[in-house]
Amino acid sequence: MDEKTTALCENFIYNRDVIKKVFRGESLLIYPVASNALTSHGFKADEAKLKECKKIIKKRSGMLSYLKGNVMTPFAANLSMKEDPLAHFEKVSSFYNVIKKKFNRSEYSAQLAIMLADNVDQADFERVINRGKEIYDLMKEQHPFLTNEQDSVLAGLLALSEKDNTDLIDDMEKCYDLLKIKFSSKSSIHKVSHVLGLTKGTAHNKVDHLNELYDSLRESGKKFGVNTDLSTLAAVSILDDDVERLRDTIIEIDGFLAKQKGYGLLGLDKKTRLMHAAMLTTDLYDTAQAAMATSSASAIAMAAAQQIAICIIISSSADAAGSSYAE
């Protein structure tokens, strides 16, 4: 690997281990996602600041608040990058209080508040969340059985798009219909269509590029997951580079991760590791660091893939726990 890729991967592992030290007992899946929040913005985890942010969340959130549920670890990582973590927490909290009235009270509402607080000014928040609810309702009309609480997060991201609502829905539907030809999991391609719908280009070109990358990895002996993982590969497929280079970068990073603690026999499986390699590939491109500052379609799409990953972790954690928060 070149120097830039090596540095990125080493920082990712360092961040993961520091976060794991501060937040013991979490799902093994949550640490890499929280680490990537820092890594994608070029930050190195600060143990003392993470502890400070953890205290802020626990002290300032209500007794049963979703803000200190399964989103707490990535939320603390997010806060640790802020000059004034307490002020940013208050912004997230105010957004959350509005969002949970628009959507069902859930950890996804908390997740949406965290995401929007990074990318929306207080003065523009009401317009964005109202548009997000409109988009969610349109998604529900198109796919009443596939659309669920997780999609409220994606609807909020879609509300940041420059496309109007009709164009967004039409583009997503075209992508969905094309994705069905190759992939069988309707739930998975439903979310992939949201990622692709955020970007420019024709539905045919976007889906073809994703298919080409998927097949290229498979031919190289790397079978990418087609369920929750596929949205991450979709985010890679929209990067401005050729398929062979993207494939080789994913494989290189996967090889690095394979040698790291946490990805062996007692750690995460090969498909999850490959998904993390794809996630880190997006971090190599400046778009990830620019994020919503430019409101670029590709940046929003990459953010969508990361938000989907958190949604899946929240869902699996909730199922495992067999309980939920009430506020």
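**Reading helix packing and burial in a predicted model**

Analyst: In this predicted model, the axes of helix 6 (residues 107-119) and helix 8 (residues 150-158) come within 8 Å, and they cross at roughly 20°.

User: How is the relation between helix 6 and helix 8 to be described: roughly parallel or roughly antiparallel?

Analyst: Angles under 35 degrees count as roughly parallel. The crossing angle here is roughly 20°, which makes helix 6 roughly parallel to helix 8. The crossing of the two helices is right-handed.

User: How many residues of helix 2 are buried?

Analyst: A residue counts as buried under 20% relative accessible area. In helix 2 (residues 30-39), 10 of the 10 residues are buried, so this helix is largely enclosed by the rest of the structure. The buried residues include Tyr31, Ser35, Asn36 and Thr39, along with Ile30, Val33 and Leu38.

User: Is Ser231 buried or exposed, and which residues is Ser231 in contact with beyond its neighbours within four places in sequence?

Analyst: Ser231 belongs to helix 12 (residues 230-237). Its relative accessible area is 3%, so Ser231 is buried. Leaving aside neighbours within four places in sequence, Ser231 is in contact with Val192, Val195, Ala305 and Ile308.

Conventions: Residues numbered from 1 in each chain as written. Predicted model: local features only at pLDDT ≥ 70, side-chain atom pairs only at ≥ 80, totals over all residues. Heavy atoms only, no water. Helix = DSSP H or I, 4+ residues; strand = E, 2+ residues; numbered from the N terminus. Buried < 20%, exposed > 50% of the residue type's maximum accessible area, 1.4 Å probe, protein only. Contact = heavy atoms within 4.5 Å. Axes fitted to C-alpha atoms, helices over the stretch in contact; angles between N-to-C directions. Parallel < 35°, antiparallel > 145°, perpendicular 65-115°, else oblique. Left-handed = near helix turned anticlockwise from the far one by under 90°.
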